[in-house]
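Hi,

Here is the structure I promised to pass on. My notes on it follow below.

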Amino acid sequence: MPSFDEILEKQSFTKEDLKLLLAAEGEEMSKLFDKALKTKLKYLDNYVHLRGLIEYSNRCAKYCLYCGVRGKNTKVERYTLSDEEVLECAHLAHKLGYGSVAIQSGERDDKEFVDKIEYLVKEIKKIDNGSLGITLSLGEQTEETYRRWFDAGAHRYLLRIEASDEDLYYKIHPKDKKHDFRKRLECIDSLLHLGYQTGTGVMVGLPFQTLDNLADDLMFFKRKDVAMVGMGPFIPHPDTPLYEYKDQIPSAKDRMNLTLKMIAVLRLMMPEINMVAATANQTVDPLGREKAIMVGANVIMPNLTPNEFRENYLIYPDKACVKDKPDQCQTCLDLRMESIGHKVLYNAWGDSKEFTNKKSDR
Ligand code: SAM
Ligand code: SF4
C-alpha cells in the first residue's frame with residue numbers, strides 16, 4: 001500500500017486514496033494543505049475573485065431538512081427585494097469594482113418569479129455595457145427556464161448536489177416529488193449542456209455523512225467536470241428537522257477541518273476550477289475564509305444584500321458579516337487577503353480557467 005507522501009504525489013486518486021487523504025491529521029494534514037496551496041498558486045496565481053452576493057428572496061417552496069429558510073419555517077419573516085433594491089446592489093457591485101454579482105434565493109418556479117429574474121438579469125446587463133458577470137443560484141428549474149436566463153445574460157449557475165449519494169440525499173431532504181434526487185441530477189446536466197459555467201457542491205459534516213460519502217462527492221465533481229465548486233460546513237439550525245441530530249455530528253472544529261481537507265483534495269484533483277470560500281466557513285471560525293483560501297479556494301462572495309433583510313436570510317444561525325456595510329466589507333477583505341499573501345482581483349469576471357480552457361479546446 002502506498003504511503004501518504006506517495007499518494008500526495010499521484011496524478012489521479014482512487015477512492016481509497018481520497019479517503020486516506022480526507023482522514024489526514026496533524027503533520028499529514030499540513031502536508032496536504034501545503035501541496036494544495038502550491039498547486040493553486042501554480043495554476044491560478046494568488047488572485048481572489050469576487051462575486052457580490054444579492055440574497056434576492058427568502059420565499060421558498062421547498063422543505064430541505066437543514067435550511068433555516070425552508071418553506072415550513074413559520075418563524076421567518078419573508079421578503080423579496082424590489083427591482084430597485086436589486087439594481088442598487090448591482091450598481092454598488094460595479095462601483096466597488098467587484099466585476100460579478102451572484103443572485104441567490106429560496107426556490108420558486110412560478111411564472112412571476114421566472115419572468116422577474118429574466119428581467120433583472122437583462123437590467124443588470126445594461127450596467128456599463130454588460131461589464132458585470134452574473135451568477136445565479138436559484139435552485140431547480142426547467143431546462144427552458146435555464147435557457148431563458150442564460151439568453152438574458154447569466155453565465156454561471158450554482159446548484160449544489162448537497163449529497164451525491166441517493167440514500168444520504170433522502171436523509172437530508174423529504175422523499176417526495178418536490179425533492180427528487182434524479183431531478184437534481186438532471187438539472188445539473190441541463191446547466192452543463194446549456195453552456196453555463198456550472199457549479200455544484202455539498203455541505204460537510206452532515207448527520208449520517210461518512211468519509212465514503214465525501215470521497216464519492218469528490219469523484220462526482222470530477223466526473224461531471226464542473227467549473228466551480230462551493231463547499232462549507234453544515235451548521236445546525238434550531239428551527240429545522242436536522243437540528244435533533246446536532247449532537248451526532250463532528251464538532252465545529254472538526255467540520256471546519258474536514259471542509260478544508262475537501263477543498264484541498266479537490267484542488268489537487270481539479271487544479272483549475274473556481275472554488276468558493278463559503279461564508280459558512282467564517283461562521284464556524286472567524287478566520288475560516290482565509291483558511292479556505294490558503295488550502296485552495298479562490299473566490300469570495302461579499303454580501304451586498306441591504307442590511308435590513310440580511311437577518312431574514314439566515315439559512316443557518318449566527319451567519320458571519322450580517323451587520324457589516326458593503327464598503328467596510330471591501331476594506332476588510334483587501335486587508336484580510338493581503339495578510340495571507342493574496343490579492344483581490346477587481347473589475348474582472350474571474351471566469352473558471354478550467355471552463356475557459358475547455359471552451360477553447362472545442
Ligand atoms: N435555494 C437555492 C438552492 O437550494 O440551491 C439557493 C439558496 S440555498 C440557501 C444555498 C445553499 O445553502 C444550499 O445549497 C445549502 O448547501 C446551503 N445551506 C442551507 N442550509 C445550510 C446549513 N444549515 N448549513 C450550511 N449550509 C446550508
Ligand atoms: Fe429552499 Fe434552497 Fe433552503 Fe432548500 S436550501 S429550503 S431550496 S433556500
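First, a term you'll need throughout: a residue is called buried when its relative accessible area is under 20%, exposed when over 50%, and partly exposed in between, using a 1.4 Å probe and protein chains only. Keep in mind that this is a predicted model, where local features need pLDDT of at least 70 and side-chain atom pairs count only at pLDDT 80 or more, while totals for chains, interfaces and linings use all residues. Residues are numbered from 1 along each chain as its sequence is written, chains are lettered from A and ligands numbered from 1 in the order in which they are written, and side-chain values use heavy atoms, with hydrogens and water left out.

Cysteines to begin with. C89 has a relative accessible area of 4%, so it is buried. C187 is buried too, because its relative accessible area is 3%. Counting a disulfide as a pair of cysteine sulfur atoms within 2.5 Å, the total is zero.

I54 sits in strand β2 (strands are DSSP runs of E, at least two residues; helices are runs of H or I, at least four; both are numbered from the N terminus). Its relative accessibility is 0%, so I54 counts as buried. From I54 to L87 it is 33 residues in sequence and 9.8 Å in space, C-alpha to C-alpha.

Y56 is in β2 as well, which covers residues 52-57. At 4% relative accessibility, Y56 is buried. Beyond four places in sequence, its contacts include Y79, T80, L81, I103, S105 and F113.

Now the interior. A nonpolar core is a set of buried Ala, Val, Leu, Ile, Met, Phe, Trp, Tyr and Cys residues joined through side-chain atoms within 4.5 Å. The largest one has 103 residues, and L136, F221, M231 and L266 have the most contacts inside it. Helix α10 (residues 252-269) gives the largest share of this core, 10 residues. Apart from it there is another core of five residues, including L53, A102, V276 and V299. As for F221, it contacts I161, T200, G201, V202, V226, V229, M231, L266 and M270, once neighbours within four places in sequence are set aside.

Then the ligand. Ligand 1 is surrounded by 17 residues (a heavy atom within 4 Å), and Y66, S105, R160, E162 and I235 are the closest. For polar contacts I used N or O pairs within 3.5 Å; within protein, one atom must be able to donate a hydrogen and the other to accept it, and residues adjacent in sequence count only if both atoms are side-chain atoms.

- A polar side-chain atom of E162 is 2.5 Å from an oxygen atom of ligand 1.
- A polar backbone atom of I235 is 2.8 Å from a nitrogen atom of ligand 1.
- A polar backbone atom of Y66 is 3.0 Å from a nitrogen atom of ligand 1.

Last, N298, in the loop between α12 (288-294) and β10 (299-300). Its relative accessible area is 2%, so N298 is buried. The N298 side chain reaches the backbone nitrogen of M275 at 2.7 Å.

Cheers

Methods: Contact = heavy atoms within 4.5 Å.
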